[in-house]
Amino acid sequence: MKNKFLLMVLALVICFSVFTCAACSPKDPGGDGGGQITPGPDDDDDDDETPIVVEPKLEAATNYFDGAKTTYTAALKNENNQTKTFNELLNRQIEAFTQDILVRLVKTYGELDNSNYSISNFNGLNINLSSILIDSLGAVNSTYRYNHSTGGYCHNVETFNIDCVGCYAVYMGGGAHTNTIFKQRRTIEGGFNYNSGFSDTLNTAEKWLLNTNNVENDYLNTYLSVHLNTVKTEVANVLAGTTSQTYEAALEKIGHLGFSATDKQNIINMVKTKIIGNANTTRDQGRKPGVTQINPISIPITDDQRMFKNYELLVPAIVEMAINHTFDGTTNKAYPYASKTAVSNLSLADLALTYNNYETIVLKPKANAPITKLQLQFGTEFGASGAYDIYFTVKNGTGTVINNKLITPEEGAVTINNTGTKYLFNLAANATSSSTLAKYTGDATNYGTTTPFTAEGSEMGTINNGNSYIEIKFVPKTSAISFKVSVSGYYDKVR
C-alpha cells in the first residue's frame, strides 16, 4: 500500500516536470526568463509589431488661419449710381481734366473772343464749365481782390498785387486779357513786346511749345483738336509715374482716380515744361518786378517787366482749381480720389461667399501652423469661367520660404468656374524650409470705396502683412473675372 502511494506521487512529479518544460523556450529551458520569449536565430516566426503610420489629415482651414486679407479691383459707381469699370472712369477723368486745364490756360493766356468757351459736357462727365469760364482763375469779389497766397482779401480795387491770383483774374481774365500794366492776350503765340507801349506784332520767339500756329480767333477749338491727345498722354504718364508710355499703356499702370498732392505738383511741372516750355518759364521768372503792390497810375517797373506773365503763380492756381472742380450745384468733386485696388479683411467663411476680382489673398496663420498642403475651391457669377496661374509667397516669421512661386496643383492647370473642382497645392514641396509659421502680425486695415462720387475714398497706404503669412496671387491668363474662394481644407502634416 505504501509503495503504491509513492509510485503515484512520483508519477505526478514526472507529469508536472514534462508540462512545465513544454512551456520553456529553447533558449530558456529553465523557464526563468521572467516571462520573456527570445526567439532564436533559426526561429521562422517574426513576432515584431509594425509601427502604426498616421496618414496626413485634411482639416478645417480655420484650425490654422485667422481669416484673410484680400486685394481686388472693385466695380465703382459714378455720380449717377451707374456701375462702371475703373478704366472707364479713369479715361473719362483724364479726358475731362485735360480739357479743363486747356480751357483755363486758353482763357488766361489766349485769345480775345470769349464766345468759343461754351462747353457743357466732357466725355460723359456732366460738369458745366460756364460758371468757371467767367473767370478762369476762380471767383473774385467785386470790391476786394482775394489773395490765394494769404487766404484773405489783400487790398482794394485801385491797387494791383502781382502775388494775388484774384488781381490777375480781374485785370487779365477779361475779354481783352490786358490792362495798363500787363498784357496777356495771345501769350500762347509769344505775346507782344513792350516799348513805350505794347506792339501789335507777336513775339514768336517766346511762343509756347504747344501753340496754335497763329490761329487767333479759334484758340480753344485749335487747342482741343490739335493738342488734346498729346496733353492727355502727358497727364496719364504723370498719374502712372512714367514718362514716355503710350496713353493706353500708361492707363494700365495708374492705381487711382483723382489726384494726390504729388500728382498735382507733377502736373504743374508738366504744364510748365511740356506745354509752356522751360525757356519761357525761366525767362518769365527773371522778369518778375521787384515790387509787389503796383498802382496803375504810377508804375515802377521796366519795359521788360511789362511782359511778365507770372507762370509761377498762375499755373499752380489753374491746376489746383481744375483738380478741385465740383459738379454744378454740389460740393461733390468731379475728380474724387479712389484707389483702383481695394483691401478687405474677411473671415474664411465670408471669403467663401464674397465675389470679387481678386488679385491677392493673404492667409493669416495662427502660431505654429505647419507648412503643408492647401486646398482651394472656386465659384463664379453668371457662369463665368477663366484660366488662372496661381503664385504663392510664404513667410514663416524668420524668412521667405516660398518667393512668388507659380505652383501647379495636383489636379493640373487652374480654371476658375462653377464645376466645384478642389485644387490641392503642395506648399511643403516648394518651401525651402519646413519650419512652422508664426502668428500673423500684419495690419487689418480696409481701403477703398465703391461710391467715390458721393464718399471720396482714402488714399491707400502701404499694405503691411507682417513677416508671417501665405500670399496667394491670382494672375489671369486672358481676362480677369469675379469669383469667390473657399479655403476648403489644410493638411495637418505631410509625409
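Asp389 counts as partly exposed, at 22% relative accessibility; here buried means under 20% relative accessible area, exposed over 50%, and partly exposed in between, with a 1.4 Å probe and protein chains only. Its salt-bridge partner is Lys477, with the closest N and O atoms 3.5 Å apart. A salt bridge is a side-chain nitrogen of Lys or Arg within 4 Å of a carboxyl oxygen of Asp or Glu. Lys477 lies in the loop between strand S20 (468-476) and strand S21 (483-491), and Asp389 in strand S16 (residues 386-396), so the pair ties together parts that are 88 residues apart in sequence. Lys477 is also partly exposed, at 45% relative accessibility. Helices (H or I, at least four residues) and strands (E, at least two) are DSSP runs, numbered from the N terminus.

A word on the source: this is a predicted model, in which local features need pLDDT of at least 70, side-chain atom pairs count only at pLDDT 80 or more, and totals for chains, interfaces and linings use all residues. Residues are numbered from 1 along each chain as its sequence is written, and side-chain values use heavy atoms, leaving out hydrogens and water.

**Charged pairs**

Side chains of opposite charge can pair when their charged atoms come close. How many salt bridges are there by this rule? The count comes to 15. The table shows three of these pairs.

| Pair | N to O distance |
|---|---|
| Lys477 and Asp389 | 3.5 Å |
| Lys288 and Asp163 | 3.5 Å |
| Arg283 and Glu206 | 3.8 Å |

Lys288 and Asp163 meet in a salt bridge. This pair links distant parts of the chain, 125 residues apart: Lys288 is in the loop between helix H6 (261-286) and strand S11 (293-294), and Asp163 is in the loop between strand S7 (160-161) and helix H3 (165-172). Lys288 is partly exposed at 35%, and Asp163 is partly exposed at 24%.

Glu206 sits in the loop between strand S9 (198-202) and helix H4 (219-240), and the two residues are 77 apart. Through shared partners, salt bridges join Glu206, Arg283, Arg287 and Asp304 into one network.

Asn280 is buried, at 8% relative accessibility.

**An open sheet**

Four strands form an open sheet in the order S1-S21-S15-S19, with antiparallel pairing. Two strands pair if DSSP finds at least two bridges between them. At the edges are strand S1 (58-59) and strand S19 (422-426), each pairing on one side only. Strand S15 (residues 373-380) pairs with S19 over five bridges, and Leu376 has Tyr423 in S19 as its bridge partner.

**The largest pocket**

A pocket is an open set of points on a 1 Å grid over the protein atoms alone, where a 1.4 Å probe fits, with protein on both sides within 12 Å along at least five of seven lines; lining residues have an atom within 4 Å of a point. The largest pocket has a volume of about 160 Å³, volume being the space filled by probe spheres set on the points. Its lining includes Thr73, Lys84, Phe86 and Asn356.
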